[in-house]
Amino acid sequence: AVYWVKHSTLSPTSMISSSSSSVRSGKLARTEELLDEIIDVGDKVLCFTQYTAWGDLLAAHFARRYGIEPLWLHGGVPRKRRDEMVTAFDDPDGPPIFLLSLKAGGTGLNLTAASHVIHLDRWWNPAVEDQATDRAYRIGQTSAVDVHKLVSVGTIEERIDAMINEKRALAEAVVGTGEGWVTELSTAELRSVISLRDREVG
């Protein structure tokens, strides 16, 4: 249930349809604003998401909007193709958008061509996000890297964001390297996390 509540925050009023280019998602609109600015100045960006189905839709949508096929790395991509994507992204004339699933692209890659990182959805464990962000901070990075974490107001994402921020200073003691701390929430705390606020999404 929590998975689907989190998934719905990607587009509170409507998901992108593969047969339609209409967009009513505030989060997607903000993503497009960021991408417009990034591409206009000739920079490159890593976009991370937890959800491959959402990534499939985004890849097609970005291709239509920008006229450039974005790179899209997920768990189903063979290693050889993954290496080709990394090479293409490193090329100054290569695609400016690299879309990655959080787990497939979170470790083992050197993507210093990126000067921006966008986390399209939030994960329970800040260490996982940090590892993904580090793809742009590898040896050889000579530019500043801007990190953008998008949160849908009034949804479970906002609760996750608040909880992580409160606990980040004590991450090793409270959150550690996994998501086990979620199971320690009281019933009232868990209910608060997954409930939507009418004043924000009504």
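Predicted model: local features only at pLDDT ≥ 70, side-chain atom pairs only at ≥ 80, totals over all residues.

**Entry 1**

I looked up the confidence next: the protein averages a pLDDT of 77, and 67% of the residues score at least 70. Helix H1 (residues 2-8) has the lowest confidence, with a mean of 45, while S2 has the highest, at 96. I then marked two stretches to handle with care. Residues 1-9 stay under 50 in pLDDT, and the model has 20 contacts for them beyond four places in sequence. Residues 18-23 are also below 50, with eight contacts in the model beyond near neighbours in sequence.

**Entry 1: the parts list**

I found nine helices and five strands. Read from the N terminus, I get the order α-α-β-α-β-α-β-β-α-β-α-α-α-α. I also checked burial over the chain: of the 202 residues in the protein, 46% are buried. For contacts between residues at least 6 apart in sequence, I noted that 75% join residues at least 24 apart.

**Entry 2: the sheet**

In what order do the five strands sit in the sheet? I traced S2-S3-S1-S4-S5, an open sheet with parallel pairing. S2 (71-73) and S5 (146-149) are the edge strands; each has a single partner strand, so one side of each has no neighbour in the sheet. From one strand to the next, the twist averages 15°.

I followed the pairings around S3. S1 (residues 45-49) pairs with S3 (residues 97-101) in the parallel sense over five bridges. Within that pair, Thr-49 has Ser-101 as its bridge partner, and Phe-48 stands opposite Leu-100. On the S2 side, three bridges join S2 to S3, again parallel, and Leu-73 stands opposite Leu-100. The chain gets from S2 to S3 through H4, and I logged this β-α-β crossover as right-handed.

Why is S3 largely enclosed by the rest of the structure? Five of its five residues are buried, so the strand is largely enclosed. I checked the directions too: Ile-97, Leu-99 and Ser-101 point one way from S3, Phe-98 and Leu-100 point the other way, and all are buried.

Helix H5 (residues 126-133) lies across S1, S4 and S5, and runs at about 150° to S4.

I had a general rule in mind here: in soluble globular proteins, nonpolar side chains tend to be buried together. The largest nonpolar core has 19 residues, and Leu-46, Phe-48, Leu-73, Phe-89, Phe-98, Leu-100 and Leu-111 have the most contacts inside it. S1, S2, H4 (79-90) and S3 each supply at least two residues of this core. H4 gives the most, with three residues. I found a second, separate core of 18 residues, which includes Trp-54, Tyr-66, Leu-99 and Leu-150.

**Entry 3: Thr-31**

I picked a residue in helix H2, Thr-31. Is Thr-31 buried or exposed? At 2% relative accessibility it counts as buried, because the cut-off is under 20%. Leaving aside neighbours within four places in sequence, I listed its contacts as Phe-62, Leu-120 and Leu-150. Thr-31 and His-119 are 88 residues apart in sequence, yet their C-alpha atoms are 9.7 Å apart in space.

**Entry 4: Asp-146**

My last stop was Asp-146, in strand S5. I recorded a relative accessible area of 40%, so Asp-146 is partly exposed, the class between 20% and 50%. Not counting residues up to four places away in sequence, Asp-146 touches Ser-115, His-116 and Val-117. For Asp-146 and Val-117, I noted 29 residues of separation in sequence and 6.3 Å in space, C-alpha to C-alpha.

Conventions. Residues numbered from 1 in each chain as written. Heavy atoms only, no water. Pairing = 2+ DSSP bridges. Helix = DSSP H or I, 4+ residues; strand = E, 2+ residues; numbered from the N terminus. Axes fitted to C-alpha atoms, helices over the stretch in contact; angles between N-to-C directions. Contact = heavy atoms within 4.5 Å. Core = buried A, V, L, I, M, F, W, Y, C linked by side-chain atoms within 4.5 Å. Buried < 20%, exposed > 50% of the residue type's maximum accessible area, 1.4 Å probe, protein only. Right-handed = clockwise from strand over helix to strand, strands pointing away. pLDDT = per-residue confidence, 0-100.
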